[in-house]
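Visitor: Could you walk me through this structure, one question at a time?

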Amino acid sequence: MTFRFVGGKVLGSLGTFAFVVVFNFFLFRVVETNPVGTLFRGRNLTEAQRAELRHQFGLDGSKLDQFWHYLVQLAHFNLGRSYETNATVFSEIWTAAWPTIALVGISTLLSTIFGVLIGISAAWRRGSVRDHGWTTFTMTTYAMPDFWLGMLLLIVFAVLLSWFPIGGITDPTSNASGLGTLVDQAHHLFLPCLTLTVAYLGEYALVMRSSLLDTMREDYLVLARAKGLRDALVRRRHAVPNALLPVVTLIAINFGFVLSGAIAVEAIYSWPGLGHATYQAIRAPDLPMLQGLFLVFSASVIFFNLVADLAYSWLDPRVRTN
Amino acid sequence: MTTAEIAGPRRIAWARRQRALAQAWRDYRSSWPGLIGLGVLAVFVVMALAAPLIANHDNLDPSKTLTTPLWASPAHQWPLGTDYVGRPIWDQLVYGSRISLLVGLAATIIAMVIGSVVGIASGFYGGWFQAVLVRVTEWFLVIPFLPLAIVLAAILGPSVRNVIIVIGITSWPGTARVIRAQVLSLKERPYVERSRALGAGNRHLMLRHILPNVSPLILANLTLTVPIVILSETTLSFLGLGDPLRPSWGRMLDEAFSNGAIGQNAWWYYVPPGVCIVLVVLAFTLVGHALEEVLDPRLRERRRR
C-alpha cells in the first residue's frame, strides 16, 4: 500500500468530516430559523430567558459570526452544555461512550462469529433443509425491529424467568467491588448484548452465504478437490478465507453504524451509553446534546469507513491496482 | 405487407411490452417465496383499505372508550384485548397498518425519485457536475442515517408528513449509486450512440433510452427499500418522533413500552404490532429478491444450478 494511496483515502475522509461539521451547523441553525422557539414550544419563557438561551446556544449575531464561533468552540472540543444536566456535552458523551463501546464491541464480535458460521453452514450444503432453516431464521431476525426483539427477550428472561436484571449497568443495592462489579456488569450486559447479536447476525450470515456461493463456483476449488483434498480442508483452507473479504468490510462499516443503531436497544435496557443519551436528548429535547451526539456518530462512521477501505485494499490487492 | 404497416410502431411496442410482462410474471411465478410474499402483502393491503369495515375508528380515541376496562386480556368483545386507557388493540392495529404502509410507500417513492434523478444525471453527464453529485451521494452514504433522521424529525416536529419527508430524504444514496453504475454502462451502448447520431438531445436520451432501461432496477430497488423504510419508521416512532394522533405500529410499541405493558404482562399489546412489522418487512424482502431474480438473469442462472 503506497503512501499516496493511504494519504488519498485519509484526505477524502477528512473532507467528508469537514462536510459533516458544516452540515451539522446548518442543520441546527439554518433549517430551523428559531430553534429556541421550536424546542421549547409550549413552555412559558420570558423574553429575557429567550435571549439568554439564544446566547447560550451561540445563536445571537449574524450567521457568519455564529459559524465562526461554532468552529472555534469545536476546535477546543467544546460542544456546549447540556440543557438537561448543565454538564458539558463533551464530558457527557465521554462518560456515555464507554458502555456503548463495550456493548457494541462485544455484540459485533459475537454476531460476526455466529453470522459467519451460519453463513458457511448454509452455503456449503446449498438447498438442503439446513440451508432453508438458517436462511428463514436469519431473514426473520433481520426483519425484526431490534428494540422489539429486545422487549421480547426482556420479558422472557428478566420479567418472567428473572434470570437477568431488567436494566441499567450495575445493581445499585450491591456493594461488591473489584471482580464482583465486573461480574455484576457482565450480568447486566448479557441481555442487551444478546439482542444486538441476534439482530445483527442475520446480515453477516446472508453476506457470508452469498459470498461463499460465489467463491464455490471458482475453478481453483474444483482443482483443490481434483487434487484429492478432503471436503473440510477445501472449505477451511481454500473457500472460506476468500469468501471472508466482503464480511471484513461489512464489520468495519457496521461498527460505525451500530454505535448509533443501538439507540432503541439501549433505551429498552436503560444501558447508560450513547444510545440512551440520545433517547433522553430527544425526549427532553436537549439541542446541544443532540448536536454533539450527531457529530460523534458521524465521525465514527467516517472513521470506520476509512478503516474498512484500508483493510479491504490491504487484504485484496486487486482493489489497489484499480 | 408487414405488421408494422398495419399496426403502427406504438402497437408493436405495446405488444412487445405485454409479452415481456407476461414472461416476467411466468418467471416470477416459479419463485415460491415471492408468491408467499405477494400473498402476505395482499392481506395487509386489504386490511389497510378495509379498515373502516373491520375496525371502529372511535375506539382510537381514549375519551370514547371510558366504559371499557383497562389492560383487559383478549375476549369476545376485544379480540386482542385493551390498552392502558381501555382502547381495543385490534382497532389500533388495523388503523396502524394504514400509517405504517403509507409511510413505507410514500417515503420509498421520495427516495426512489431523488435516487433515480441523481443516479441518472450523475451517470449520464460528465465533468464537474458528475463529480459534485457523486461526492454528495457519498456524503449522504456516510452520514449515519438514524441520528440524521432523529435530528431532522426532532427539529421538524412529529407528524406523519414529516416522518415521510425525513425518511425519504435520507434513504436515497444507495439507490443513486446502483443506478449510476448501470447508467454508466448503458450510455456506451450502440443504440444510444445511434440515437445521438440521429440528433437526439440529452433530455430525449435520458427519458426515452436510459430511464426505461433502468426502470426494472428501480423497481427491484423499490421493493428492497420499503422494508428498510418501514423499520426506520418503526424506530423513529418508538423513539417518540411519530405522529401522536395517527398511531403506526411503531407508535403502538412505543406506547406499550412507555406505559408499562411489560410490567402488566400485557403480551396482547406488544406482540401483535411486532408480528405485523416482521410479516410486512419479510414479505417485501421476499418479493424484492424474487423480482431481482426475474430481472437479473445471472441470479436466475445461479438458482437453476
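Guide: Here is a short tour in questions and answers.

Guide: This is a predicted model, in which local features need pLDDT of at least 70, side-chain atom pairs count only at pLDDT 80 or more, and totals for chains, interfaces and linings use all residues. Residues are numbered from 1 along each chain as its sequence is written, while chains are lettered from A and ligands numbered from 1 in the order in which they are written.

Visitor: How many helices and strands are there in chain A?
Guide: Helices (H or I, at least four residues) and strands (E, at least two) are DSSP runs, numbered from the N terminus. By that rule, chain A has 15 helices and 0 strands.

Visitor: Is A:L293 buried or exposed?
Guide: A residue is buried if 20 or more other C-beta atoms lie within 10 Å of its own, exposed if 12 or fewer, and partly exposed in between, with C-beta atoms placed from the backbone. A:L293 sits in helix 14 (residues 287–315) of chain A. Because 29 other C-beta atoms lie within 10 Å, A:L293 is buried.

Visitor: Which residue of chain B does A:L293 touch?
Guide: Two residues are in contact if their C-beta atoms, placed from the backbone, lie within 7 Å. Leaving out residues up to four places away in sequence, A:L293 touches A:I93, A:L274, A:A277, A:T278 and A:A281, and from chain B it touches B:P147.

Visitor: How many residues of helix 13 of chain A are buried?
Guide: Helix 13 covers residues 274–283 of chain A. Among its buried residues are A:L274, A:A277, A:T278 and A:A281, and these four also touch A:L293. The helix is mostly covered, and the count of buried residues is 8 of 10.

Visitor: How many charged residues are on the side of chain B that touches chain A?
Guide: The contact takes 36 residues from chain A and 28 residues from chain B. Helix 10 of chain B supplies the largest share of chain B's side, 8 residues. Ala, Val, Leu, Ile, Met, Phe, Trp, Tyr, Cys and Pro count as nonpolar, Asp, Glu, Lys and Arg as charged, and the others, Gly among them, as polar. Chain B's side then has 23 nonpolar and 5 polar residues, and the number of charged ones is none.

Visitor: Are helix 6 and helix 7 of chain B roughly parallel or roughly antiparallel?
Guide: Axes are lines fitted to C-alpha atoms, for helices over the stretch in contact, and angles run from 0 to 180 degrees between N-to-C directions. The axes of helix 6 of chain B and helix 7 (residues 160–168) of chain B come within 9 Å and cross at roughly 150 degrees. Angles under 35 degrees count as roughly parallel, over 145 as roughly antiparallel, 65 to 115 as roughly perpendicular and the rest as oblique. Therefore helix 6 of chain B is, relative to helix 7 of chain B, roughly antiparallel.
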